[in-house]
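Keep it brief and define the terms.

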Amino acid sequence: MCDYVNSAASAVPGWVGAGLPAVEECGNPNIDFARSLFAETTLVRLMACFDDVFFRWLPLNPLLGPIWSFRCTAWALALSLACAGCGSNSFEYEPNDLLAASLLREEGTQKPKPIAESASQVVESWFGSLGDPRWPTDKLQGMVGAENVVSMEGVQRSAGAVGRGNDKVERGLYRKHCVSCHGLSGDGRGAAAMLLSPYPRDFRRGTFKFKSTLHGSKPTRSDLVRTLHEGIPGTSMPSFAALEQSEEFQEDIEALVEYIRFLSIRGEVERKLIAKQIREGVELSPESAECVAVLQQIAGQWASAESKVLAIPTPPEWSAEEMQASIERGSQWYRSEITACAKCHGDEGRGDGASQDFDDWTKDWTILAGIDPKNPVEWKEMKPWGALKPVIDRPRNFAWSSFRGGGNRQDIFRRLVLGIEGTPMPPIARAEGNNPGLTDDQIWDLVHFVLSLGGNP
Amino acid sequence: MRWWAQPKFWAWAAAVMIFPLIWVGGLVTTHDAGMAVPDWPGTYGYNLFLYPVSTWLYGPFDLFIEHGHRLLGSVVGLLAIALCYTSWRFEPRRWYRWGAVGLLCAVIAQGLLGGFRVVLDGRTIAMLHGCGGPIVFAFAVFMALSASKDWRGALATIESRGMSRLSIALVCGTILQLYLGAQLRHTLPSTSPVGFLSMVHLHLTVALLLTLLILIIAFIVRTRAYGAAREIRTPANVLLLLLFVQLNLGLATWVANYALPWSELTAWLSQYVISAKGYWESFLVTGHQATGSLMIAASVWLACRVWRRQGKLVSQPVSSRISASAVSPLTQAERPA
């Protein structure tokens, strides 16, 4: 609300409302939350439209300025009273209040905003704003592979508002294709987030489920391209393959991947800075050596992702009898203590095992903060900071024969040995040297058994 | 009178052309192509009508539909001007002449809104523009209907005011539903999940109410009380059909955009991969919006037929072809001695 008043005040000479003080947040997260909802009402959006049309576009300002100033100020005041506060419709990165709130909860304090905002300011000074993204090249000088972390050309194309410039190059790809679910900041809190299952990915954790790199490593560019190209079946994540006919398709996909990497690095740096400030009491500053070290560490992890790819062996070519025997062996491994597959996926592979857990994004602000995600009274404490209702990350029902990370034999093998990061699905122990675990042949048996549950041996 | 001199022809032509305009406008929203052409009223510096056809047809798809939308809009503008001219030249009813002016103003206002949406890159203006289109369509349909034989020759056969109220409620309800749908289609990037969720729930609630309303209307028009006004059954039946199509399209639109959140209940969808901006997906989403527009138009059709068949409204027929003896007893009774 007050954004409109203040922005119009600065844009229009003679604006009666010029200099109106911004309404301060009252500090109560519930009230501030309710106010921000009110500020999204169409009435407020309509008022902004009239401001735009009459003050910014029509050359009527000099003639009608005083009249409109009076009228719009009256509107503004009336709506201010109606909305009882202010909220932000400006497109800026959202500070990570939820993480700050969950880390602070143990200490009993309820004011995460100042900490989240100070971390947000530091990352903004490095990474720029939503409309003008930058890359902190000067902070990464000397780092191996620094030039390969993010291509700013792709980031620039994906950031900002949707549309083509006079050069006919399309920009704002992220807002066009991703923002309604993943949110402006990549926090997984886009407009539709509450209605989706699973919730859209929060990139700021730097964790990606379906990738070809070792557990704990970042995904490669081709992992992200694959997800964009093929989508994730049974979820709201679409495939962009339909746009292949467009000449720009490949460039668009690559640009989006760069922006996702950019948002992930930015968000992860922000998270680490918040944690450093709360846990270690580090004073956050863009020039602080400790803060820069965080940036370099995370950028380094992304730079080295390509070297962490796990090679998957070629699937064996077996006869029907051998395949049947392989499935039977796989059935034993499935129910064994070494793999413990049945514990979550159930004896028949229908995803109804005894152990039902939450994903790491949920655990971040629940279990780690001492909150029981199954207790509505407890988790709702975090709702004003952006928490969505915790939902159990259900193990896959193999009878559906639908695999989100790819359904061919090599894909399943990869999922088994790498796990699905951020979820309760761990990597299977591989027998290497003296380490106990499954050999490659035994893992193939397991792959064949899992596929056979859906009727695809 | 020659065909080109009849306002009826131009009113129908405008209504018929506005419907594809709404389709293409819907495609523009579906493909987020509103800013595919960054200038207005020209196109990349060219006059709107002089933009090279080859670049338009073989360029990017978003540019194709956005420029096409503008061209189609200007055709509708020309038709509205023709309607205005013929109405003032040949139409005896004064209110109809002003109605034609109103339609022209509405078309111009829509064009300006579309222009401001581009110049100011405003998504809220895009939402208003999206809401305005179907209302202009309904207005054009009203102008076409009010120039029809049915309008001029309707007999007073409905005594009760109940159906009239229901039909007006239906017009208002469908417009409200369109507005809520536009809120969902033109979501701001900063819209909160709670705000969006509330809007979805509201959209579903109004859909339920409209379903009930249409079912009630479809039932009532078949009762004995409306036996003499069989003409109102046609729009009621059309509404029933559109409702069936629209409910299915609504569900399909959600699935095509976001899939369904109940994986345990919808295992048959577990292998479905949403295709971003896919052909069928775009068709479904845009079809939902266009069918919504048709429902508004059909509601206006029903309201017109009901109104014209109520005693008081038929008392001042304009250039009616009906003889005095054919007018219903109710109308005769209402006439002054």
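This is a predicted model: local features need pLDDT of at least 70, side-chain atom pairs count only at pLDDT 80 or more; totals for chains, interfaces and linings use all residues.

Residues are numbered from 1 along each chain as its sequence is written, and chains are lettered from A and ligands numbered from 1 in the order in which they are written.

**Chain B overall**

Chain B has 11 helices and 0 strands. Helices (H or I, at least four residues) and strands (E, at least two) are DSSP runs, numbered from the N terminus. Along the sequence the pattern reads α-α-α-α-α-α-α-α-α-α-α. The radius of gyration of chain B is 22 Å, close to the 20 Å from the globule rule for 337 residues, so chain B is as compact as a globular protein of that length. That radius is taken over C-alpha atoms, and the rule is 2.2 Å times the number of residues to the power 0.38. Along the principal axes, the C-alpha atoms of chain B fill a box of roughly 70 × 55 × 30 Å.

Of the 337 residues of chain B, 47% count as buried. Buried means 20 or more other C-beta atoms within 10 Å of the residue's own; exposed means 12 or fewer; partly exposed lies in between, with C-beta atoms placed from the backbone. Take contacts in chain B between residues at least 6 apart in sequence: 78% join residues at least 24 apart. A contact here means C-beta atoms, placed from the backbone, within 7 Å.

**Where the chains touch**

The contact takes 48 residues from chain A and 44 residues from chain B. On the chain B side, α4 (94-119), α5 (123-145) and α8 (193-220) each supply at least two residues. The largest share of that side, 6 residues, comes from α8(B). By class, the chain B side has 28 nonpolar, 13 polar and 3 charged residues. Ala, Val, Leu, Ile, Met, Phe, Trp, Tyr, Cys and Pro count as nonpolar, Asp, Glu, Lys and Arg as charged, and the others, Gly among them, as polar.

**A helix pair in chain B**

Helix α7 (residues 162-185) of chain B packs on α8(B) at an angle of about 155 degrees, with the axes 9 Å apart. Axes are lines fitted to C-alpha atoms, for helices over the stretch in contact, and angles run from 0 to 180 degrees between N-to-C directions. α7(B) is therefore roughly antiparallel to α8(B), a term for angles over 145 degrees. Residues in the contact include L166(B), L170(B) and G173(B) of α7(B), and H203(B), V206(B) and L210(B) of α8(B). The contact of α7(B) with α8(B) has 18 nonpolar, 6 polar and no charged residues.

**Backbone details**

Most residues other than glycine have a negative phi, and most peptide bonds are trans.

| Site | Feature | Value |
|---|---|---|
| S197(A) and P198(A) | cis peptide bond | omega about 0 degrees |
| W40(B) and P41(B) | cis peptide bond | omega about 10 degrees |
| A340(A) | positive phi | near 55 degrees |
| D32(B) | positive phi | near 50 degrees |

P198(A) is found in the loop between α9 (179-182) and α10 (221-230) of chain A. A340(A) lies in the loop between α13 (320-334) and α14 (341-345) of chain A. A340(A) is partly exposed, with 15 C-beta neighbours inside 10 Å. P41(B) sits in the loop between α1 (7-30) and α2 (53-58) of chain B. D32(B) is placed in the loop between α1 and α2 of chain B. D32(B) is buried, with 20 other C-beta atoms within 10 Å.

Conventions
Two residues are in contact if their C-beta atoms, placed from the backbone, lie within 7 Å. Angles under 35 degrees count as roughly parallel, over 145 as roughly antiparallel, 65 to 115 as roughly perpendicular and the rest as oblique.
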